Amino acid sequence: MLDEALYLLKSHKLKVTKQRKSLLEYLYTHCRHRYVEITAVDDWMRQQYPGLSHNTIYRNIKEFEEIGIVETQAQKNGQGVKYQCDFGNIHHHHFICQQCGRVQEIDFCPSKEFLEQLPGCEIQSHRFEMLGLCAQCAAQKRLMNS
């Protein structure tokens, strides 16, 4: 999957720098299955590269989002970022566990259902997320309550 991300960088004429490779490796390692606060990514990058500015890190994450390498999400404590889970299917939706943060891809897109209720409207983008407890967290909860 890192090869696909590097290919996307090159195909969008973005330089593959040492810092960008480190950022991609961090995102791949820590953000494939859950959203991580961008501030945590920023902190890690600035530890690796002390002269790197916040603006550079945030700009790179924004560029990565624009070309489909990462997904971002507004969270309670700020913005979260997640490495793209399916480069072959950029348009997809998620179930997000509210306890452990694990993300699972949902194959179904409900946008057609909503279009019927919005005659004459032009939908330009959408996101669909389901929130709850993943199977593991739900099982732990049941054990604790029994």
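Mentor: Happy to! Let's begin with a term: two strands pair if DSSP finds at least two bridges between them. Strands of a sheet pair through backbone hydrogen bonds, in either a parallel or an antiparallel way. Keep in mind that this is a predicted model.

Here, three strands form an open sheet in the order β1-β3-β2, and the pairing is antiparallel. The edge strands are β1 (36–37) and β2 (70–75), each of which pairs on one side only. Now follow β1 to its partner: β1 and strand β3 (residues 78–83) are joined by two bridges in the antiparallel sense.

With 0% relative accessibility, Y83 counts as buried, because buried means under 20%. The structure holds two aromatic pairs. In one of them, the ring centres of Y28 and Y83 are 5.4 Å apart and the planes stand at 85 degrees, so this pair is edge-to-face. This pair links distant parts of the chain, since Y28 belongs to helix α2 (residues 18–30) and Y83 to strand β3, 55 residues apart.

Y28 itself is partly exposed, at 23% relative accessibility. Y28 has another neighbour to look at: the charged end of R32 sits over the ring of Y28, 4.1 Å from the ring's centre. While you are in that stretch of sequence, find C31, which counts as buried at 0% relative accessibility. C121, by contrast, is partly exposed at 46%. A search of the whole structure finds zero disulfides.

Terms used
Residues numbered from 1 in each chain as written. Predicted model: local features only at pLDDT ≥ 70, side-chain atom pairs only at ≥ 80, totals over all residues. Heavy atoms only, no water. Helix = DSSP H or I, 4+ residues; strand = E, 2+ residues; numbered from the N terminus. Disulfide = S-S within 2.5 Å. Buried < 20%, exposed > 50% of the residue type's maximum accessible area, 1.4 Å probe, protein only. Phe/Tyr/Trp six-rings, centres within 6.5 Å; stacked < 30°, edge-to-face > 60°. Lys NZ or Arg CZ within 6 Å of the ring centre and 35° of its normal.
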